[in-house]
Amino acid sequence: MTTTEPQTTTEAYRQLATTVRDRLADRHTQTLSAQRAAGARVLHYLSTEHLPGRQLEQNLLALGEEVGPTGRDHLEALREVEVEAPLGNGGLARLTACVLESAATLDLPVVGHGLRYDFGTFQQGVPAAGGERREWSLTANPWELEAPQDRVTVAFGGRTEDAGDPTGLRRRWVPDELVDAIPSTMFVPGSATTTVNAVRFWRAATHPGALDQERLAAGEYAEAVREATQAENITRVYYPDESSDHGRELRLKQQYFLVSGALQEIVARYREDFTSWTAFPGAVAVQLNETHTTLAAVELMRLLVDEHRVGWDRAWAITTKVFGFTVHTLLPEALQTWPIWLMHRLLPRHMEIIYSINYFFLQDVAVRFPGDIGKLGALSLIQEGAEPQVRMAHLALVSATAVNGVAEQHTRLLTNGAFRSFATMWPQKFRTVTNGVSPRRFLRLANPGLSALVDERLGGSDWVQDADRLAALAPMAGDADLQEAWRAVRRANKVRLQERMLAEVGVSLNPDALCDVMMKRFHEYKRQLLKALHVVTLYNRIRSEPSRDLAPRTVVFAGRAAPGYYPGRQAMRLVSAIAATINADAACEDRLRVVYLPDYSVTRGELLAPAADLSEQIALAGMEASGTGNMKLAMNGAHTVATRDGANIDLRRRIGVDGVHMFGLDAARANLLRTNGAYQPHTFYESDPELREAMDAISSGVFSGGDDDLFSPLVDRILGWDPFLTMADYRAYVDAQDRIEQAWRDVDSWTRTSILATARSGYFSSDRTVREYNNQIWRLRPVSPQHEG
Ligand code: 26Y
């Protein structure tokens with residue numbers, strides 16, 4: 001690729017990125033024509049969160065640009081300049097990117113839709129004294145191409161009026177606020193194919209008619225402009241804090257803004273090709289990522305009934321064939337509801353449509369469960385109470401043709417729990433599509449050393465497109481040469497990590513130590529605290545018995561917590577305090593190192609996954625829907641320590657018992673203990689000396705410079721209440737870690753298991769996930785564009 005003489009690395013990066021993007025744009029145009037010519041059904045994947053990660057290398061790879069050894073150095077420098085787009089928080093957002101990339105790789109006609117925030121999630125530093133936060137802005141993103149010609153107008157507020165329909169089901173919406181939505185396209189090339197799909201990121205812009213001409217004429221220029229441009233704030237910042245009414249209102253506006261932009265475009269495109277609505281469900285499918293985009297179903301009803309005068313029943317028959325709904329959570333508090341007063345104010349017509357949907361739905365419920373008044377209240381789309389709410393999950397369940405959990409246990413817990421009655425009514429609606437991760441990003445790009453070794457051993461890189469081929473490594477797992485090469489690559493990855501840690505957090509690591517990684521959002525249910533207690537236990541052992549034979553270990557915590565999420569921030573603080581104390585203690589040198597790596601991101605994950613010997617997947621059983629970090633780490637050859645939860649269960653089944661070390665309560669026991677009133681966390685504290693010493697060390701100020709006030713609230717909380725059963729699982733966890741330490745000492749057997757983890761990780765490719773979505777729900781035909789890149 002030729003570029004004119006660049007002045008700085010940043011400029012060189014931008015030039016290269018722009019060139020690459022323009023080539024992708026050409027291929028995208030060709031892809032669209034081929035898909036259209038084939039009359040292909042198109043799936044639209046709606047998500048408020050996206051974490052596409054760095055683009056340069058992935059896109060060069062897709063274009064098939066050969067990067068020679070000198071180009072490699074050059075590329076290395078350019079790659080480091082790129083700041084990834086922080087448009088999401090965690091698993092759900094990254095899964096979106098993996099799914100879109102796999103869909104393109106499989107030549108499936110899929111379009112992503114998201115929000116084009118100006119300011120994404122904040123970079124997050126060590127949370128001492130409130131936490132350092134640097135803003136990140138998307139203003140200069142060379143990967144996107146704005147499409148102002150595709151602008152649509154989104155309405156809010158106002159009132160509704162009679163539209164002359166005798167059934168009253170069609171009405172006219174007279175909104176009082178209009179906002180324009182302009183999409184930017186980011187390209188999603190497939191691997192080893194010329195297909196280039198796209199994500200449309202919608203940005204709010206001033207509606208031309210919004211300027212008050214009278215005020216302008218009166219010279220009140222500043223006021224007129226300020227009011228008119230107010231609307232642009234809808235996509236100014238990523239996901240506002242919901243603790244205030246204002247934050248909630250903005251979040252609802254964002255969600256509707258996204259679905260309205262997407263649906264208007266979808267319907268307009270359809271109208272270009274078809275005159276009747278009959279073909280709509282055959283031409284269009286929409287996947288709703290969590291409840292955040294549920295309003296899409298209501299918006300489609302509004303477009304069909306009000307704007308295109310399709311009768312209600314026919315519109316509903318169409319709508320209920322189009323949507324798939326993916327659930328990503330088990331926490332009841334994550335199932336969104338919106339106050340009815342807020343819906344009335346912002347989306348009065350949608351509220352009416354929801355009432356009508358509910359009216360017809362409850363008639364079905366009454367037939368299905370005769371005489372069961374309780375069912376009506378339990379299943380209703382409206383939750384009664386002092387502040388009545390719309391239950392977005394129920395709305396999605398009623399509207400969707402298919403609902404899926406993201407791991408087998410997840411679907412089972414949903415259909416036996418929160419969605420039980422729905423599953424009784426419509427058992428055929430529910431299914432599982434187990435999550436997966438992209439082997440391109442998380443193995444090929446993240447771990448070039450291991451990839452080269454795998455290529456060499458398998459005689460090619462077909463595994464990149466067909467991860468099941470990694471299985472051919474399994475018979476070689478005992479091969480001494482392979483084991484030695486495997487260890488050398490893993491060690492080099494740890495040295496790379498060591499260099500970055502030294503530069504960024506000033507901690508030097510021992511690359512021969514067991515590298516123990518917990519990378520995920522900070523959340524109480526994920527139990528970073530349990531890991532912290534283990535670390536403190538190791539520290540106490542060193543302090544009480546300095547000559548004790550301990551396998552050297554480096555523990556890395558990486559993760560972010562929402563700014564308003566106090567328990568998460570507290571845990572982050574504790575972890576960094578523990579790290580500071582241990583790293584400063586000479587007794588720990590070369591034996592125990594602890595790092596809190598700030599500002600977790602996809603890029604950080606790509607650095608950590610290839611270096612991890614041990615993957616921490618220790619959420620309380622019954623809480624983690626699936627997990628995807630578990631897959632990223634295992635694919636790179638990590639052993640896993642895990643609870644019987646989410647996809648850990650699938651991981652153990654596929655990878656084997658040697659590679660996935662299970663411990664602790666299962667979901668049923670955990671649930672019983674949490675709900676039967678018998679749980680007394682302090683009894684564990686009293687009966688287990690190591691646990692007691694660990695807790696006492698934290699509360700007495702060992703990690704807070706003698707300040708016994710700083711962390712004692714945290715300790716008191718888990719002694720008194722401990723909703724995530726940290727105390728109950730502590731002993732099983734520490735014992736599992738002790739067994740893992742023994743396993744680690746047997747170098748050959750450990751390496752063999754590591755090779756087997758990679759060899760057996762093919763199932764966890766997002767290609768398999770997308771194939772399942774397609775076979776079970778989307779039913780798209782692949783279209784391969786035959787053209788020159
Ligand atoms: C509406 C608000 C409360 C909310 C915001 C973000 C609710 C949920 C989320 C994000 C959830 C999420 O990231 N879930 C994760 O999805 C992954 C992909 O399916 C799963 O692997 C993981 O277990 C789950 O926690």
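Reader: Which helix gives the most to the lining of the largest cavity?

Author: Helix 4, with four residues. Keep in mind that this is a predicted model.

Reader: Which elements supply at least two residues of that lining?

Author: Helix 4 (91-105), strand 9 (177-189) and strand 10 (196-206) each do.

Reader: How many residues line the largest cavity, and which lie nearest its centre?

Author: The lining has 14 residues, and P52, Q55, A97, V188 and V199 lie nearest the centre. By class, eight residues of this lining are nonpolar, three are polar and three are charged.

Reader: How much space lies in it?

Author: About 160 Å³ in the largest cavity.

Reader: What lines the second largest cavity?

Author: Its lining includes K520, K526, Q617, I618 and A619, and also E624, S626 and G627. N630, T643, D645 and N648 belong to the lining of this second cavity as well. Sorted by class, that makes two nonpolar, six polar and four charged residues.

Reader: Now the ligand. Which residues come nearest?

Author: There are 18 residues around the ligand, and H328, N435, E624, S626 and G627 come nearest. E624, S626 and G627 are also among the residues lining the second largest cavity.

Reader: Which helix gives the most to the shell?

Author: Helix 4 again, this time with three residues.

Reader: How much of the ligand does the protein cover?

Author: The protein covers 86% of the 580 Å² of accessible area that the ligand has on its own.

Reader: Different topic. How many aromatic pairs are there in the whole structure?

Author: A search finds 18. In one of them, F663 and Y733, the ring centres are 5.0 Å apart and the planes are at 40 degrees, so the pair counts as tilted.

Reader: Where do F663 and Y733 lie?

Author: F663 is in strand 23 (residues 660-666) and Y733 is in helix 29 (residues 726-745), so the pair ties together parts that are 70 residues apart in sequence.

Conventions:
Residues are numbered from 1 along each chain as its sequence is written. This is a predicted model: local features need pLDDT of at least 70, side-chain atom pairs count only at pLDDT 80 or more; totals for chains, interfaces and linings use all residues. Side-chain values use heavy atoms; hydrogens and water are left out. On a 1 Å grid over the protein atoms alone, a cavity is a set of points where a 1.4 Å probe fits but cannot get out, and a pocket is an open set with protein on both sides within 12 Å along at least five of seven lines; lining residues have an atom within 4 Å of a point. Grid points are joined across faces, edges and corners, and a volume is the space filled by probe spheres set on the points. Ala, Val, Leu, Ile, Met, Phe, Trp, Tyr, Cys and Pro count as nonpolar, Asp, Glu, Lys and Arg as charged, and the others, Gly among them, as polar. A residue is near a molecule or strand if one of its heavy atoms lies within 4 Å of it. Accessible areas come from the Shrake-Rupley method with a 1.4 Å probe; for residues, only the protein chains shown count as cover. Rings of Phe, Tyr and Trp (its six-membered ring) pair if their centres lie within 6.5 Å; planes under 30 degrees apart count as stacked, over 60 as edge-to-face and the rest as tilted.
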